[in-house]
Structures are given as C-alpha cells and as structure tokens.
Amino acid sequence: MVETIENMILIKAKKCGRGSIFFVSDFVSYGNRNAVNKALERLTEKGLMLRAARGIYCYPKIEKVYGLGPVPPSLEDIAGAMAKRDGAKIAPTGLYAQYQLGLTQQIPMNVVYLTNGVSRTINIGEGKSIKFKHSSPRYFAIRSQLALLLTTALKDWKVENLTEEQISIIKTKLNENPRLQVADLKLMTSKVRELIISLYE
C-alpha cells in the first residue's frame, strides 16, 4: 500500500513526539510543496496538527486534566525551532528577557530576540508576534546564559530605576550561578557590569 503524504507526515510527527514543531520544508521529500501544504491543512482540520504560523506547524501536546485539548506551542518554542532550522543564535531582549529573569510579571504579546541571523517578524495570530533583530556579534560572544540574559534585559533599562525587589531577584540569580567570567563581564555595558560586580560583593 502506498503511504499518503498525510500518513507520512503523521508518522514523522509521532516519531518526533508531541510538542514538536515542523516547517513545510521538513516534508518536501514526501511530495511537492503544494501537496504538502494541502496535507498539512487536512491534518489541521482533523485536529491532528496545529498551525502555529504561516508555514509552521506543531504536533501538539494534549492537556487532559482540564480537558482543554491540544496545546499550542509557546513563542519561545517556535523561536527556538526557527533558530535551530536556520543555524542561528538567538537571545531574548527587552521586556521578554526581563520576564524570563522574573523582573516583571508582564508577558509581552510581541517577543523580541536578538539574532546573528536574518531580521524578520513572524505573525502568530491573536496579536502575537516574534521579532528577530540582527544584532552585534558581541552579544553572542557571551558564554554564560545568565550573563547574556542580564545584558539583553537591562541594556535598554536604566539600572538606577531597578526596584529593591528586582535587585534582590538578580542577586538571587547570581548566587545560584558560579561567578561570571571576566570575559563575559567585559562584553556587558559598563552600568550593567558595575551592578553585577556590586551584587557579588
């Protein structure tokens, strides 16, 4: 029996596991792009796949406790999958980086990542988007993930405006990690570097 494109897509999705994100290009060996798009549309209509954005699909996890059904991928998961596909490095910046550090409880609808790849904006729907901004290589020379996150979170934020609670959160994060390398500190802006050094003392 000849496998249909739908079946071949579903087999691959199941092998990769729930929560896996796919691009149309992942399935072009199964048929021409138009046929693959049609197959993905049918799988989406059946609830077997979710369309995350144009050309981006997910084999969704299923929430069973509350009966909510298929769970869409997070913006972070989509951004990570795109970076992996493109062989690019990314780092959250601005409000989203601040949220990841716990400095704010506000979850942005539009997340921004610095990248060493191509600048682009991906519209997710419901007013959400992921923006990739091509940035200086110096950010990606920072080895420590915490140091990078602190740098991108605070680069557009006046350090003197940090509240005592926010400073306490940063200090806790630093205490949970080994002392940051001198090479990483040198790549930070002077104000952020001075703050980090003072919190280690």
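The legends below describe close-up views of a predicted model of a single chain.

**View 1. Overall layout of the chain.**
The predicted chain holds 8 helices and 9 strands. Its C-alpha atoms fill a box of roughly 70 × 40 × 30 Å along the principal axes. Of its 201 residues, 40% count as buried. Where contacts link residues at least 6 apart in sequence, 53% of them join residues at least 24 apart.

**View 2. The largest nonpolar core.**
This core comprises 27 residues, of which L154, I170, L174, L180 and I196 touch the most other members. Two or more residues are contributed by each of the helices α4 (94-101), α5 (145-154), α6 (164-175) and α8 (190-200). The greatest contribution comes from α5, with 7 residues. Around L174, and leaving aside neighbours within four places in sequence, the contacts are L146, L150, L180, I196, L199 and Y200.

Helix α5 is largely enclosed by the rest of the structure, because 9 of its 10 residues are buried. The buried residues are L146, A147, L148, L149, L150, T151, T152, A153 and L154. Their cover includes the strands β6 (90-92) and β7 together with the helices α4, α6, α7 (182-187) and α8.

**View 3. The hairpin of strands β8 and β9.**
Strand β8 (residues 120-125) pairs with strand β9 (residues 128-134) in the antiparallel sense, over 5 bridges. Within this pairing, T121 stands opposite K131 of β9. The two strands form a hairpin with 2 residues between them. E126 lies in the loop between β8 and β9, and its phi is near 55°, a positive value in a residue other than glycine. Most residues other than glycine have a negative phi. With a relative accessibility of 71%, E126 counts as exposed, the threshold for that class being over 50%.

**View 4. T115 in strand β7.**
T115 belongs to strand β7 (residues 110-115). Its relative accessibility is 2%, so T115 counts as buried. Not counting residues up to four places away in sequence, T115 touches A88, K89, I90, F132, K133, H134, S135 and F140.

**View 5. Salt bridges of E6 with R42 and K46.**
The structure holds 5 salt bridges, and E6, R42 and K46 are linked in a network of such bridges. In the E6 to R42 bridge, the closest N and O atoms are 2.4 Å apart. Because E6 lies in helix α1 (residues 5-16) and R42 in helix α2, this pair ties together parts that are 36 residues apart in sequence. In the E6 to K46 bridge, the closest N and O atoms are 2.9 Å apart. K46 is in the loop between α2 and β2 (50-53), so its pairing with E6 of helix α1 ties together parts that are 40 residues apart in sequence. E6 counts as buried at 14% relative accessibility, R42 is partly exposed at 36%, and K46 is exposed at 54%.

**View 6. The salt bridge between E160 and K191.**
E160 forms a salt bridge with K191, with 3.7 Å between the closest N and O atoms. E160 lies in the loop between α5 and α6 and K191 in helix α8, so the pair ties together parts that are 31 residues apart in sequence. E160 is exposed, with a relative accessible area of 52%, whereas K191 counts as partly exposed at 48%.

V65, Y66 and L68 make a nonpolar surface patch of about 430 Å². L68 is placed in the loop between β4 (61-63) and β5 (69-71), and with 63% relative accessibility L68 counts as exposed. The view also includes R33, in helix α2 (residues 33-45). R33 counts as partly exposed at 47% relative accessibility. Not counting residues up to four places away in sequence, R33 touches V24, S25 and V28.

Notes: Residues numbered from 1 in each chain as written. Predicted model: local features only at pLDDT ≥ 70, side-chain atom pairs only at ≥ 80, totals over all residues. Heavy atoms only, no water. Pairing = 2+ DSSP bridges. Helix = DSSP H or I, 4+ residues; strand = E, 2+ residues; numbered from the N terminus. Core = buried A, V, L, I, M, F, W, Y, C linked by side-chain atoms within 4.5 Å. Buried < 20%, exposed > 50% of the residue type's maximum accessible area, 1.4 Å probe, protein only. Contact = heavy atoms within 4.5 Å. Patch = residues over 30% accessible without salt bridge, like charges linked within 9 Å, V, L, I, M, F, W, Y side chains within 5 Å. Areas by Shrake-Rupley, 256 points an atom, 1.4 Å probe, with all protein chains shown as cover. Salt bridge = Lys/Arg side-chain N within 4 Å of Asp/Glu carboxyl O.
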